[in-house]
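Colleague: Could you walk me through this one? I'd like to hear how you know each thing you tell me.

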Amino acid sequence: MKWGSILLLCMLVLTSASCNKEADPVDQPQNKPAPEILLTKGETKVSSTGNLIAFEFLEMITREEVISGKKENVMISPLSLNLAMAMAWNGATGNTKDQIKEALGFVGDTDQDINSFFKKMTDALPEADALSKILIANSVWYDKPFPVKPSFLQTNRDWFNAATYDLDFGNTQESLNAINSWCSQKTNGMIEKILDKISENEVMFLINALYFKAPWKDKFDPSKTAPMTFTLENGESINVPAMSGDITVNYFYGSKFNSATLPFGNGAFKMTLIVPGEGMDIQKIYSEIGSPGTWDNIVNSKQSSKLKVYLPKFKFGYKIEFNDMLKSLGITDAFNENATFGGIADFPPGDLRISKVLQKTAIEINEEGGEASAVTSVGFDVTSAGPGKEFRANKPFLFIIWEQSTGTILFAGKVENPTKSSLG
C-alpha cells in the first residue's frame, strides 16, 4: 500500500429487509404501549436540528432538480447521516470539530452529552416497539498498518457499541468479502455488497447498520387495493395501485398542505404523509414544513379522526452525494487543506480530510407496512383548516418516518411517481 495518499472511508448502512431471512416481529405474543424515550434538553436540540436538516436537504435536492429538469422519487435518512457524521466527528479536532458540531446542532453540549445521545438512540430505538424490528450495529474495519489511535477505536466501542476488525487490505478480495458479508448479515440480505473494491489509498471503514421493518398498526386490506388517478407535477395523469381503508389518523389541514400520520406497530414509529394544497407543489412547501413551528405542529397534533385514506404503493431507490449540502451548513474545513482529524491518526493538518459523503436509500410501502434502507459513506483522504371525509395522496407528496417520543426522523422523502421502482 502506498502511504503517500491515505483514504479513510466511514460507511453507514441503514436498512430493512425485503429478503426476509429472520422471523417477523409481528409474531410477538402481545403488543405493549410505546415507551417514551426521555431526552435531556441538549439531546432534544440535537434531534430537532437533525430533523430540520432533512427538510433543508430535500429543498436543496428539489432545487437542483428544477435546474436539471429531471424530477424523481427521493429519500434521505437524516438519522443515518447524523450517525455517520457523529462517528467521524469523534475523530475531528480544532475548528473542523467545531464546524461539524455546530452544523449538527451540538453547540453547547459536551462530548459526553453528544455521544450519550447517540448511544441512547442506539439502545432505545430497538426496544421501542415489540411489533417492529429495529437492529442497529456498528463496526470499524481498518488496514493493519494504518496507525489508528486506540482511543478512537475505544470511543466507538463505548458509545456506538462498535465491533473492531483489523484486516490486510493488501488482500483485497478477502477484505471485501469480510466487510460485505457483515453488511449482508446485519441487513438481512437486502444490502449484499457495500464495496466493489478497496483502493490502495483506503485504510479504514466505519460501518453502521440499522435494520427497520414495521407493520401498520391498522393494515390495509389487499383486496381493496385498486387503481387510482395520480396527477404528476407536469399535469399528466396516470393510474397507480393505491391502498385504501378507513383508518384513524392524526391530521393537520391547512391552505398550503394537508397531512395525515399513520402509526406502525404499537405507535412508537409513524409515517406522516404531506400533500400540497391547491396551487402549491412540493418545492413551495419545504420552507413551510422545515420551520420548527410547523413540523412541531404536525408531530404534536392531537386532532384525530377516522378518514378514508388512499395511499399509493411505492418502492424505489435513490443515491446522493452530500458534500455541497454539508458545506452549505458550514462544514467546510473537513473537506479541504484545513481539515484536522487528529483524533483518528497523527497526520499534519489537511492531510486527512473528508473526500465524499454519499448515501443510497431504498423504501417499500405496501398493505402490510413499511421497509426502508440507507447506506451512507463518509470518506477521508490526505490529498485533497379541518379534516374532510378522506385523505388522498393523489399527486406528488412527502413522507416522513419518525419516532413518536423524541420526534427523531429516520427517513424523509418525496414521491414524484409511485410507479417508478428501482432499488438498484
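**Calling things by their names**

Colleague: What makes K149 partly exposed rather than buried?

Modeller: K149 has a relative accessible area of 24%. Buried means under 20%, exposed means over 50%, and partly exposed is whatever falls in between (1.4 Å probe, protein chains only). So 24% puts K149 in the partly exposed class. Bear in mind that this is a predicted model, where local features need pLDDT of at least 70 and side-chain atom pairs count only at pLDDT 80 or more, while totals for chains, interfaces and linings use all residues. Residues are numbered from 1 along each chain as its sequence is written, and side-chain values use heavy atoms, leaving out hydrogens and water.

Colleague: How do you know that D346 forms a salt bridge, and with which residue?

Modeller: The partner is K149, and their closest N and O atoms are 2.9 Å apart. The rule asks for a side-chain nitrogen of Lys or Arg within 4 Å of a carboxyl oxygen of Asp or Glu, so 2.9 Å passes. The two residues come from distant parts of the chain, 197 residues apart: D346 is in the loop between helix 9 (323-328) and strand 12 (353-365), and K149 is in the loop between strand 3 and helix 5 (150-160). Helices (H or I, at least four residues) and strands (E, at least two) are DSSP runs, numbered from the N terminus. Even with that gap in sequence, the C-alpha atoms of D346 and K149 are separated by 8.2 Å.

Colleague: How many salt bridges does the rule give?

Modeller: The count is 10. Another one joins K97 and D111, with the closest N and O atoms 2.8 Å apart. K97 sits in helix 3 (residues 94-103) and D111 in helix 4 (residues 111-124), so this pair ties together parts 14 residues apart in sequence.

Colleague: Which other residues are linked in a network of salt bridges?

Modeller: E65, K414 and E416 are. K414 and E416 meet at 2.9 Å, N to O. Both partners are buried: K414 has a relative accessible area of 1%, and E416 is at 7%.

Colleague: Over to the rings. Why is the W141 and Y165 pair called stacked?

Modeller: It's one of 19 aromatic pairs. The ring centres are 4.2 Å apart and the planes are at 20°. Rings of Phe, Tyr and Trp (its six-membered ring) pair if their centres lie within 6.5 Å, and planes under 30 degrees apart count as stacked, over 60 as edge-to-face and the rest as tilted. So 20° means stacked. W141 is in strand 3 (residues 133-143) and Y165 in strand 4 (residues 162-167), so the pair ties together parts 24 residues apart in sequence. W141 is buried at 3%, while Y165 is partly exposed at 30%.

Colleague: What makes the pair of F316 and F399 edge-to-face?

Modeller: The centres are 6.3 Å apart and the planes are at 65°, which is over the 60 degrees required. Both residues are buried. Elsewhere, F212, W216, F220, F264, F269 and F411 form one aromatic cluster.

Colleague: Last one: how do you know that helix 2 meets helix 5?

Modeller: L83, A86 and M87 in helix 2 meet F152, N156 and F160 in helix 5, where contact means heavy atoms within 4.5 Å. By class, that contact has five nonpolar residues, one polar and no charged ones.

Note on methods: Nonpolar A, V, L, I, M, F, W, Y, C, P; charged D, E, K, R; others polar.
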